[in-house]
Amino acid sequence: MKFAKLFKRQMVPEWVEAYIDYNGLKRILREILKYKKSRQPRTSSRALQQRALHRSFSGLSCHPRRAETAGDIEDQVIRVDIVRQDDSRNLYRTNFLRRYEEGGEIEETFFRKLDEELNKVERFYQDKVDEVVREAALLDKQMDALIAMRIKVQDHGIKNLKLEKHPSDSDATVMPESASRNPGSENTEMAHDVDRTGISEIEALQIGNEIVPVSHNDANERGNGMGGNQDLLEILERVRIKNSLESRIPSLRGVFGDSKNDEPSFKKVLRKAEVQLRLVFIEFYKKLRHLKEFSFINLLACSKIMKKYEKIASRKASLDYMKIVDNSFLGSSDEVTRFMERVEVTFVRHFSNADRREGMKYLRPKIKRERHRVTFFSGFFSGCSVVLVIAVVFKIENIKMLDKDHGPVYMANIIPLYSLFGYVILHMLTYAANIYFWRRYRVNYAFIFGFKQGTEMGYREVFLVGTGLAVLALVCFLVNLQLDTAWMIKDRKTLSEAIPLGLVAIVLVILFCPLNIVYRSSRLFFIHSLFRCICAPLYKVTLPDFFLADHLTSQVLAIRSFELFICYYGLGGYLKRQNKCHKHGVYNLFYFVVAVIPHWLRFLQCIRRLCEEKEWIHGYNALKYMLTIVAVLIRTAFELKKGGTWMMLALISTGVATAMNLFWDIVLDWGLLRRHSKNAYLRDKLMVPHKIVYFIAIVVNVILRITWMQLMLEFNMRPLEEKMGMSTVISCLEIVRRGIWSFFRLENEHLNNVGKYRAFKSVPHPFDYYDDATDKDE
């Protein structure tokens, strides 16, 4: 594989702009090569052979080092100056000493560009390392509080605490040796080995220092010198537990005091803090790994581009420049490596029961491999689906179902029962297509959604599940038709009508199955997000939550089909092959409610974000969904009651809601139609290289947004055939439109992360320190 492709694959997608512009440097080298070729005189083959022979003999010199040293000064091509800036950082400037030779201007441009890239990479890397140092200090304090809690729970028990005594009292509680430490000093220990049997024989010092084995005697001497259990009590006094329901709990000491008679509740708080801090360490280690890879791949890029320069320009400058690069902060700093070692030690000891293999499974999860059987079964199910669709069409044509008197009524009853699965399958196929294009254009969808590394589903897996569900649904539909048209229908009417209900039961059992089968992690993620959507606005809104809620707004007919299942089988209408749901007032009421629920959930999510983030953009978004709710209610009323007045109101309300939704889709969700953009009427940065794709997407989105208004126009249609077919087609088009919207929505979100170099999740710490009395009394 060429290095340019490898370099691109190794990049952190959100840090693309921080890497060396390897392709830009290669373009300058191509200009140098082109200039060299244009100025190179034609030489005969005999002269070329003589030059090659001369070079081969000249390489046999007995004193190559002496010859090389003698020509060092004369052959010097560059001189790199290091300028010290006000913030104590180095700025590298390369003086090209052969600028007055032919083509020297292009080579000088190359080194100027190389200096800019090196300074950019150096500055970014140093900023990130400084950020890591600050995070390590915070993690050190978090471990202080966690270990203090563990020691109190495991070695003394909550009921035996006597925290009201002053540390200087003679009968104060005796502290474990490893807990006698000063959390505020520079040599604060980060790692302590505390388990149910006692304290380990060695401890690891603070994450920022060298790992030094510390015996119990040394720890005891330090503990005696610092006043016994004073340090643990200071930690308990200075730390508060963050709580999602309450703003703050006063202090750990207060928690201990309030939990004397409720030991299990405090242990629950401790376990929650451990889980949260475990996630913080995993994310912190991920950042360290990316920084280490960032340093390595950029150093390798510098080396590769300088070798290419030497080969093209026939000048020896690589050694001199790489000496500067190796001595820079990017090439000489080892803070990241030392931090990684200390995080590994701490995580293995405190979060994986001293099992290094188990701990490294979480810190270094394996990359998910593509399996051949997934591709095979995806193709197999796809072929089966096509064959089954053809079989269903031939079956309906063969029995001439639509020409019979009861045919339209029968199809009007059975089609909505199976269309639910058709909508879900189409949605899964569009999601699989989105994953494919997200990967192709390097949109980091896994990070945006917050998928755990190694468990996210690729487009092949999603396509496999979608086609598998399609085969299952089509087989059931074909069997249902066969039973209804064959001689067995006389004796097995109940069995044929129970097939759709059995299919729904199978899908729900697979979805909620607790066993580790059929992509359990993805199923749990979907259920978790769906639960948070339903419970809006009780939970903080994350991107997966409102992204899923937006998709639910495009599945109104699917949700209504699920309501039809409940009514159809609840009223026993399936036994008489009649759908009397619309004759019941309760069903018609829920017919309104079901159409509004997805938009109402998004409205509540927008209100929650408005209250939390204090940004009026969420208020305008809430107004958009409120207008959509009004339009849906009026449209549903027109669908049930008809009438010219209802039709006029439906057209007006739907037109206003559609116009506002179009503006929001294109301008805010996609970030397009910018007046002062580098790309006319688009945005400055585009992931898809072909601009025409964005204009086509805008036009298609406008057309598909308007098509749903067609449901409110009066056509002379047969209500049991053409109207049902029209609503089904428009619902499918809405799902396709939502799939197109999803790609550009996540592309815009990814570009926002790139602009802020946001490549990691922000995991909140479980503990909150306070130092002054004012903060303490809050």
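**Salt bridges and their surroundings**

Mentor: Two stretches need care. Over residues 53-71 the pLDDT stays under 50, and the model gives that stretch zero contacts beyond four places in sequence. Residues 772-778 also stay under 50, though here the model has eight contacts beyond four places in sequence. Where pLDDT is low, the predicted coordinates should not be read in detail.

Now for the charged pairs. How many salt bridges does a search of the whole structure find? The count is 26, so let's pick out a few, keeping in mind that a salt bridge here needs the nitrogen and the oxygen within 4 Å.

Take D130 and R89 to begin with. Their closest N and O atoms are 3.0 Å apart. Are the two partners buried or exposed? D130 has a relative accessible area of 30%, which makes it partly exposed. R89, on the other hand, is buried, at 14%. The cut-off you need is that buried means under 20%.

Next, look at R79 and D81, whose closest N and O atoms are 3.5 Å apart. R79 is partly exposed, with 40% relative accessibility, and D81 is partly exposed too, at 29%.

Now jump to D665 and R737, which meet in a salt bridge at 3.3 Å from N to O. D665 belongs to helix α25 (residues 644-669) and R737 to helix α27 (residues 722-755), so the pair links distant parts of the chain, 72 residues apart. Both ends are tucked away: D665 is buried at a relative accessible area of 2%, and R737 is buried at 1%.

Salt bridges can also join up. D21, K113, E117 and K120 are linked in a network of them.

Zoom in on F111: leaving aside neighbours within four places in sequence, F111 is in contact with I78, T94, F96, M306, Y309 and A317.

Q555 is found in the loop between α20 (543-552) and α21 (556-570), and is buried, with a relative accessible area of 9%. Not counting residues up to four places away in sequence, Q555 touches Y423, V424, H427 and I735. L515 lies in another loop, between α18 (493-511) and α19 (520-534), but L515 is exposed, at 53%. L515 is also one of the residues in a nonpolar patch on the surface, alongside L472, I506, I510, I517 and V518. Together the patch has about 480 Å² of accessible area.

Note on methods:
Residues numbered from 1 in each chain as written. Predicted model: local features only at pLDDT ≥ 70, side-chain atom pairs only at ≥ 80, totals over all residues. Heavy atoms only, no water. Salt bridge = Lys/Arg side-chain N within 4 Å of Asp/Glu carboxyl O. Buried < 20%, exposed > 50% of the residue type's maximum accessible area, 1.4 Å probe, protein only. Helix = DSSP H or I, 4+ residues; strand = E, 2+ residues; numbered from the N terminus. Contact = heavy atoms within 4.5 Å. Patch = residues over 30% accessible without salt bridge, like charges linked within 9 Å, V, L, I, M, F, W, Y side chains within 5 Å. Areas by Shrake-Rupley, 256 points an atom, 1.4 Å probe, with all protein chains shown as cover. pLDDT = per-residue confidence, 0-100.
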